Amino acid sequence: GTGFVRAAPGRSTVVAEIDLDEVRQAHAVVATMHRLAVAEAVSHLAPGDLDAMRRANERFAVALERGDTDAALAADDDFHAVAVDVSGNRALATVLDQFGPVVRRLERLRFASHAGAESVSLHDRLVEACASGDVEAAAEVAFRTWQNLADLIPSDAPTDPRPQETP
C-alpha cells in the first residue's frame, strides 16, 4: 500500500498507512498557517522579498513545464518561505515544520499534474496583493493556494472516527 515514512526518535523507521483524517487535519492547519504568515508579513515585505518570491515562482513555472516535480517542490518551498520568514512568527514556522511533511504528498500529486499551472497564477496574484499592501487579499490568495490541495485528498474514507454501522 501507499504510506508515509514515520520515524520515531530512537526507534525504527516504518512506512505507515496513510491516515486520511490526519492528512485532512494537517492540510487545514497548513493552509491556515500560510494564510496567517502572509497576513503578518505583508506590511514588512521589502522589495527584495517580493523579488525573491517572483524569482521562486519563475523557477516553479519552469520546473512544472519540464515536469520536474522535485524542482517544483523546492521552488514552491522557497516561494512560501519568504512570507513565513518575514512574518517572524516562530510558532507558525514550527507548526509548518511539523505538519508540512504530512501534506507533501498532496503537493507532489498536484505539481505532477496539469493542475500545478494554476498555482503559478495564484503565486503571481499573491505577489501583486503583497506588493500593493492588501493584507486581506494577499492572505485570501495564500489560503486558496493551499486550499486547492484539498481536492486531492480521497473522499472515500469516513471523516467520522467512530466505527460505521452497516445496515
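In these legends, Ala, Val, Leu, Ile, Met, Phe, Trp, Tyr, Cys and Pro count as nonpolar, Asp, Glu, Lys and Arg as charged, and the others, Gly among them, as polar. Every view shows a predicted model.

**Figure 1. The whole protein, before we zoom in.**
Six helices and two strands make up the secondary structure of the protein. Of the 167 residues in the protein, 38% are buried. Taking the contacts with a separation of 6 or more, 73% join residues 24 or more positions apart. The exposed surface comes to about 9,500 Å², and carbon and sulfur atoms supply 54% of that area.

**Figure 2. The largest pocket, with a lining drawn from α1, α3 and α4 among other places.**
Let us start with the open space: the largest pocket holds about 310 Å³. Its lining has 17 residues, and those closest to the centre are His34, Asp77, Leu96, Asp97 and Gly100. Helices α1 (20–41), α3 (69–87) and α4 (90–111) each bring at least two residues to the lining of the largest pocket. Which helix gives the most to this pocket lining? That is α4, with eight residues. Sorted by class, the lining of the largest pocket consists of eight nonpolar, three polar and six charged residues.

The largest nonpolar core has 18 residues, and Val38, Met53, Leu126, Cys130 and Ala138 are the ones that touch the most other members. At least two residues of this core come from each of α1, α2 (47–66), α3, α5 (116–131) and α6 (135–147). Helix α5 gives the most, with five residues. Setting aside neighbours within four places in sequence, what does Val38 contact? Its partners are Ala83, Leu126, Cys130, Ala138, Ala139 and Ala142. Look for Leu126, Cys130 and Ala138 in particular: they are partners of Val38 and, along with Val38, they are among the residues that touch the most other core members.

**Figure 3. A second core, seen from the side of Val23.**
A second, separate core has 16 residues, including Val23, Val30, Met33 and Leu96. One of these, Leu96, is also among the residues closest to the centre of the largest pocket. Val23 is part of helix α1. Is Val23 buried or exposed? Since residues under 20% relative accessible area are called buried, Val23 counts as buried because its relative accessibility is 4%. Pro154 lies 131 residues away from Val23 along the chain, and the C-alpha atoms of these two residues are 10.0 Å apart.

Around it you will find Asp76, His80, Glu107, Arg110, Phe111, Ser119, Thr145, Trp146 and Leu149. Helices α3, α4 and α6 are the elements that give two or more residues to this lining. The largest share, three residues, belongs to α4. The class make-up of the largest cavity's lining is evenly divided: three nonpolar, three polar and three charged residues.

The lining residues are His34, Ala37, Val38, Met53, Phe79, His80, Ala83, Val84 and Leu126. Two or more of them come from each of α1 and α3, and α3 holds the largest share, with four residues. How many residues of each class line the second largest cavity? Seven are nonpolar, two are polar and none is charged.

**Figure 4. Ser87 and its contacts.**
Our last stop is Ser87, a residue of helix α3. Leaving out residues up to four places away in sequence, Ser87 touches Ala37, Glu40 and Ala41. Ala37 was met in the previous view, in the lining of the second largest cavity. Ser87 counts as buried because its relative accessibility is 14%, and the limit for that label is under 20%.

Note on methods:
Residues are numbered from 1 along each chain as its sequence is written. This is a predicted model: local features need pLDDT of at least 70, side-chain atom pairs count only at pLDDT 80 or more; totals for chains, interfaces and linings use all residues. Side-chain values use heavy atoms; hydrogens and water are left out. On a 1 Å grid over the protein atoms alone, a cavity is a set of points where a 1.4 Å probe fits but cannot get out, and a pocket is an open set with protein on both sides within 12 Å along at least five of seven lines; lining residues have an atom within 4 Å of a point. Grid points are joined across faces, edges and corners, and a volume is the space filled by probe spheres set on the points. Buried means under 20% relative accessible area, exposed over 50%, partly exposed in between (1.4 Å probe, protein chains only). A nonpolar core is a set of buried Ala, Val, Leu, Ile, Met, Phe, Trp, Tyr and Cys residues joined through side-chain atoms within 4.5 Å. Contact means heavy atoms within 4.5 Å. Accessible areas come from the Shrake-Rupley method with a 1.4 Å probe; for residues, only the protein chains shown count as cover.
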